[in-house]
Amino acid sequence: MMLALVVVANPNSSSMSHAMAAEAQQTLQQLGYQLVIHDLYAERFDPIQRSNESQNNSSHDQLVERYCSEIARADLILIFHPNWWGQPPAILKGWVDRVLRLDTAYRYEENADFSAVPLGLLKAKCALVFNTSNTPAKREMAVFGDPLEQIWRNCIFDLCGVKNFIRRMYGPVSGSTPEERAAWLAEIKDLIKSVA
Ligand SMILES: Cc1cc2nc3c(=O)[nH]c(=O)nc-3n(C[C@H](O)[C@H](O)[C@H](O)COP(=O)(O)O)c2cc1C
């Protein structure tokens, strides 16, 4: 059975991020996927990298160990979060720091030091990131350079070996109509069906 890992990072459970994650969950269930869903705020995930994790390849935090074994096995990875200052919320940044770790998400060639180009280890056939934001897409690109695209596509998933990467940023959420929001959810459903 194929495994899909869904991670949601939005403190507001009635947010658009959560509605999108629920749509994805339903779609993946219909497609017969085994699902693992993590609502990082609800689970009170601790985003802080402890000094005793200095090699960053093991943790005393059992939740981190669980997340690591799941992401290593996942066939699909789906992440939902709002655009906060052109970045993921801190709780999700901490998830990246602690879970996409050395020997789980990437490694180095034997005898190479950490300045070498890392080798990606994730076996997922596709990673999907769904963002919400209030900045119109044109301004996000022209003024800020769409930093979330750079972070997720290049710095994270490409490095970890997931070359098939899809990202959508929906918005402006503020002032959006029920019809617009329904169309975003429908697009997410179709997108997931097309990759799953
Ligand atoms: C701390 C914080 C920082 C934010 N920074 C941005 C930003 O840089 N760009 C932007 O478009 N929206 C920003 N927002 C607005 C959120 O992106 C917006 O509330 C969210 O996308 C709404 O969707 P949701 O229903 O999924 O929460 C910020 C909101 C908060 C709370």
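## Ground rules

This is a predicted model, where local features need pLDDT of at least 70, side-chain atom pairs count only at pLDDT 80 or more, and totals for chains, interfaces and linings use all residues. Residues are numbered from 1 along each chain as its sequence is written, and side-chain values use heavy atoms, with hydrogens and water left out.

## The sheet

Five strands make an open sheet in the order 2-1-3-6-7, with parallel pairing (strands are DSSP E runs of at least two residues, helices H or I runs of at least four, both numbered from the N terminus; pairing takes at least two DSSP bridges). Strand 2 and strand 7 (165-170) sit at the edges, each pairing on one side only. From one strand to the next, the twist averages 10° (axes are lines fitted to C-alpha atoms, for helices over the stretch in contact, and angles run from 0 to 180 degrees between N-to-C directions).

Strand 6 and strand 7 are parallel, with six bridges; Ala-127 has Phe-165 in strand 7 as its bridge partner.

## A buried alanine

Ala-124 lies in the loop between strand 5 (119-120) and strand 6 (126-132). Its relative accessible area is 7%, so Ala-124 counts as buried (under 20%; exposed is over 50%, partly exposed in between, with a 1.4 Å probe and protein chains only). Beyond neighbours within four places in sequence, Ala-124 contacts Ala-74, Asp-75, Leu-76, Ile-77 and Val-162.

Key: Contact = heavy atoms within 4.5 Å.
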